[in-house]
Amino acid sequence: MKTKLFLLTFVTLTTLLFGQTAERIAAVRKKVEAINTEKNYQIKKLDNDYFVNVKNETTDGGQELSGYYKNGKLKKIVYSFGFSYGMKTCEYFFSDDELIFVFEKQDQFAAIKDQSNQVTGLDHTKLESIYIGRFYFENSKLFSIKQTEKEIFTQMDKKSKEAELLKDSKVFRLELQKAKSK
């Protein structure tokens, strides 16, 4: 009897918690969709030269930071960074000045292979998606992660990833504010 009661309680609580998480994810997705469908943003874009000490100096693939503002409020940040072997793009979404969602994508350049199927180089015109991460936040807490494949640039536990994404969103926000006031 105790086993049945325990099992019933476990199933009920799991179902309730999963249902609540699904509802929270749906609410975040709805806000993100509204942000993405908006067309009338004031956009502040910082190109690679903003990030380097010497003009026209570049990282392997350059980098760019863009802030999307509506009525003076930051709604979205897009940061892209090129590596010699690929590209990383992160999109940060805000509601009421609070981070609600991060979409992270990592791509690598397609391999060029010879007739014996040996890799001889990289095709810098073709990117292949190798990782997608969706990170859902509420009250500055990461409550859900949806990932495909493994990150190539960094691999972290949930707490470390939460800290990294919150920190990066704050740093990028400050850089955009600083550049906007110039």
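Colleague: Let me start with one side chain: is Y79 buried or exposed?

Modeller: Y79 is buried, because its relative accessible area is 15% and buried means under 20%, whereas exposed means over 50% and partly exposed lies in between (1.4 Å probe, protein chains only). Please keep in mind that this is a predicted model, in which local features need pLDDT of at least 70 and side-chain atom pairs count only at pLDDT 80 or more, while totals for chains, interfaces and linings use all residues. Residues are numbered from 1 along each chain as its sequence is written, and side-chain values use heavy atoms, with hydrogens and water left out.

Colleague: OK, and how many aromatic pairs are there?

Modeller: The count is nine aromatic pairs, where rings of Phe, Tyr and Trp (its six-membered ring) pair if their centres lie within 6.5 Å, and planes under 30 degrees apart are called stacked, over 60 edge-to-face and the rest tilted. One of them joins Y79 and F81, a tilted pair with 6.3 Å from centre to centre and 40° between the planes. In F101 and Y136, the ring centres are 5.0 Å apart and the planes stand at 55°, so this pair is tilted.

Colleague: Where do F101 and Y136 sit?

Modeller: F101 lies in strand β5 and Y136 in strand β6, so their pair ties together parts that are 35 residues apart in sequence; strands are DSSP runs of E with at least two residues, numbered from the N terminus. F101 is buried at 7% relative accessible area, and Y136 is buried at 1%.

Colleague: How do β5 and β6 pair?

Modeller: Strand β5 (residues 98-113) and strand β6 (residues 119-138) are antiparallel and share 13 bridges, and two strands count as paired if DSSP finds at least two bridges between them. E104, for example, has G133 in β6 as its bridge partner.

Colleague: What does the whole sheet look like, then?

Modeller: It is an open sheet of seven strands with antiparallel pairing, in the order β1-β2-β3-β4-β5-β6-β7. Its edge strands, β1 and β7 (141-148), each pair on one side only.

Colleague: Changing topic, which residues have pLDDT under 50?

Modeller: That applies to residues 4-18, which also have zero contacts beyond four places in sequence, where contact means heavy atoms within 4.5 Å. pLDDT is the predictor's confidence in each residue, from 0 to 100, and its mean over the protein chain is 82, with 79% of the residues reaching 70 or more. Where pLDDT is low, the predicted coordinates should not be read in detail.

Definitions and conventions: Helices (H or I, at least four residues) and strands (E, at least two) are DSSP runs, numbered from the N terminus.
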